[in-house]
Amino acid sequence: MQHGDPPISLLRQLYRTMVLIRRFEEAVADHVTAGEIKTPCHLYIGQEAVATGVCSTLDREDYVWGGHRSHGHYIAKGGDIRALMAEIFCRATGCSEGRGGSMHICAPEVGILGTVPLVAATIPLAAGAALASKIRNDRRVSVSFFGDGATEEGHFHETLNIAGLYRLPMLFVCENNFYSSHLHLSERRVCDNIDSAGQLHGVPSVRVDGNDVLAVRDAAMGAVDRARNGMGPTLIECRTFRWRGHVGPSWDMDVGIKRKDDLKQWIDRDPIRLLREVLLARGESPEEVDAVETECGDLIEDSVRFAKNSPEPDPGQVLQHVF
Amino acid sequence: MRTLSYVAALREAHAQLLSHDSRVFVIGQGLWSPWYAGGSMQDLEKEFGRDRVIDSPVSENATTGLAVGAALAGMRPIVFHPRMDFMLLAVDPIVNQAANWSYMFAGKVKAPVVIRAVINRGGEQGAQHAQALQAMFMHVPGLKVVMPATAYDAKGLLIAAVNDGNPVLYIDERWLYAESGHVPEEMYSVPIGSAAVRRRGRDVTIVATSIMVKESIAAAEVLSREGIDCEVIDLRSIKPWDRDTILQSVARTRRLVIADAAWHTCGVAAEIAATIGADAFGLLRQAILRITLPDVPAPSSAALEPFYFIGAADVVSAVRRMFCGPLK
């Protein structure tokens with residue numbers, strides 16, 4: 001990794017966020033395996049550098065939109081961990097009060113107005129929030145996170161065109177993890193060229209190593225700066241890999257040898273280990289770096305305890321929240 | 001008393017909303033065209049700027065999604081579909097997203113968006129420029145549906161829809177654009193969920209939607225000359241709909257006819273018939289009649305249209321049928 005000399009405090013902060021996401025997702029996986037979590041969980045393990053790098057460039061008021069695999073976006077944007085874990089346990093204290101589960105989470109206080117699992121559905125919504133910012137001239141930026149599968153939807157192409165045309169203050173962040181459920185990119189596209197989709201619509205596009213948090217952050221910083229200054233949207237393709245199955249805690253060996261080989265290569269490029277090496281090279285001691293593990297572990301343990309001790313939603317309220 | 005046409009009332013409602021609320025903007029196809037929106041948006045972009053009256057690319061899905069996203073982010077958008085048929089390309093943002101949003105997030109984030117869609121039947125336009133799909137959207141929890149039948153309601157329901165706080169599908173009818181009526185100059189709201197009795201009568205209640213209100217009033221005049229006194233109720237809101245007003249009327253007339261210029265199966269008329277049939281079973285002298293379109297797409301040829309679309313004559317013959325049977 002070669003990114004000039006980012007301040008050590010920033011590196012520590014990025015490292016902490018990535019570890020927090022990793023340990024959170026591992027805790028979720030354990031509780032799914034134990035049968036205590038039943039809502040379908042799409043784990044972010046392996047992709048932590050993308051949410052972490054992008055969200056590190058945003059302000060609290062900026063908008064973040066996600067999909068079915070958004071625990072990492074929520075945590076990176078600063079959403080409350082207890083409310084997230086409680087929602088994954090479908091409890092009354094969850095961020096969506098048990099109406100959402102893992103796939104419908106929100107933290108409006110930090111700009112997450114909702115993530116939903118319909119593939120690509122939040123791409124135009126993100127553009128709408130960006131349009132709101134443009135009309136109000138409030139300099140907020142809207143970030144749409146989506147997977148490579150979403151680029152096969154009309155939502156993506158229609159929204160790229162409109163966002164380019166109206167110079168909307170937004171980022172299209174494609175987390176290309178090469179698999180849409182069980183299908184490899186090569187089984188869904190003629191060309192491995194997601195980053196070129198922007199050019200057709202006048203949207204500057206860049207491809208980055210999605211496992212290099214500093215590379216992601218650099219790309220996002222440029223894009224956020226352009227968006228805030230009225231220069232319109234940017235498409236960033238972050239090439240990364242999810243370690244677990246499309247849904248659930250399995251290591252997804254069922255989709256074949258090809259993925260097994262891929263997985264080994266990507267685990268060798270663990271985004272957390274890559275940043276750990278940078279921290280050590282910058283003179284941090286292993287003890288200093290690993291101290292964050294205890295802090296994150298405590299936070300997650302607390303969130304699990306909170307979730308388990310929280311009440312189920314009140315059946316008397318099942319009809320609420322619709323006129 | 002000031003009189004305005006339905007279309008001028010629509011334009012005035014947009015202008016007043018844009019002028020009084022900086023959160024309001026309009027996006028959709030044809031908004032800068034002198035004819036596309038039938039005069040309902042005439043020159044609004046000149047008055048309020050092209051940043052707030054946005055003529056869009058041919059992307060129903062994305063423009064509707066943009067409107068929904070902007071609503072989630074605190075705006076009060078109106079997204080315009082010059083034909084209801086075109087809106088079907090935007091079902092995901094309307095049904096999956098806007099309608100569900102409040103529930104999915106326990107009311108913490110809402111989607112106060114207005115989706116305006118136009119019905120324009122006839123004129124040899126055929127199957128993809130004439131559909132009246134209110135029932136499909138009435139089916140969806142979280143979505144309100146309104147259909148103004150008068151100039152007064154065209155304005156008052158649009159203002160109510162924008163201020164409602166929930167996603168509202170606002171369906172206007174091109175064939176009513178020239179109809180005139182009393183329209184106050186000030187901003188006012190027509191409450192969503194309340195029907196209006198347009199004609200008092202003793203013998204039969206006709207509940208009608210949109211253009212069928214006008215047609216039913218015309219039918220009632222014909223029938224009154226035959227000694228049948230019809231009460232005509234303008235439903236105005238398709239969802240929620242005003243059960244009480246209909247029940248009160250049926251309690252007096254003890255007969256119910258429902259006229260909705262849309263397909264028969266699972267239609268608005270079916271829903272009202274099932275509900276009133278259950279709630280007023282003991283009051284009804286006769287089976288409830290539905291006057292609807294056949295379950296067939298709209299034809300283009302002017303030779304076929306009169307055998308497909310419905311109007312006053314269909315209401316007259318249905319009510320006559322009702323009174324030809326044995327009176328209990």
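Guide: Gladly! Let's begin with domains: their bounds here come from an automatic or database domain assignment. Please keep in mind that this is a predicted model.

Visitor: Which domains does chain B have, and what separation lies between their centres?

Guide: Chain B is split into domain 1 (3-182) and domain 2 (196-324). Taken over C-alpha atoms, the centres of domain 1 and domain 2 of chain B are 26 Å apart. Domain 1 of chain B brings 24 residues to the contact, and domain 2 of chain B brings 25 residues.

Visitor: Which elements supply the side of domain 1 of chain B that touches domain 2 of chain B?

Guide: At least two residues each come from helix 6 (134-138), strand 6 (144-146), helix 7 (151-163) and strand 7 (168-173) of chain B.

Visitor: Now the sheets. How should I read strand pairing?

Guide: The general idea is that strands of a sheet pair through backbone hydrogen bonds, either parallel or antiparallel. In chain B, five strands make an open sheet with mixed pairing, in the order 9-11-10-13-14. Strand 9 (196-199) and strand 14 (289-293) of chain B are at the edges with a single partner strand each, so one side of each has no neighbour in the sheet. On average, neighbouring strands of this sheet are turned by 25° against each other, direction ignored.

Visitor: What packs on the sheet?

Guide: Helix 8 (residues 211-225) of chain B does, touching strand 9, strand 10, strand 11 (230-234) and strand 13 of chain B. The direction of helix 8 makes about 170° with that of strand 11 of chain B. Inside the sheet, strand 10 (residues 204-208) and strand 13 (residues 256-263) of chain B run parallel, joined by four bridges. Thr205(B), for instance, has Leu256(B) as its bridge partner.

Visitor: How do I read the side chains along a strand?

Guide: In a regular strand the side chains alternate between the two faces of the sheet. Take strand 3 (residues 170-176) of chain A: Met170(A), Phe172(A), Cys174(A) and Asn176(A) point one way, while Leu171(A), Val173(A) and Glu175(A) point the other way.

Visitor: Why is strand 3 of chain A largely enclosed by the rest of the structure?

Guide: Seven of its seven residues are buried, so strand 3 of chain A is largely enclosed. Six bridges join strand 3 of chain A to strand 2 (residues 142-147) of chain A, running parallel, and six join strand 3 to strand 7 (residues 234-239) of chain A, also parallel.

Methods
Residues numbered from 1 in each chain as written. Chains lettered and ligands numbered in written order. Predicted model: local features only at pLDDT ≥ 70, side-chain atom pairs only at ≥ 80, totals over all residues. Pairing = 2+ DSSP bridges. Axes fitted to C-alpha atoms, helices over the stretch in contact; angles between N-to-C directions. Contact = placed C-beta atoms within 7 Å. Buried ≥ 20, exposed ≤ 12 C-beta atoms within 10 Å, placed from the backbone.
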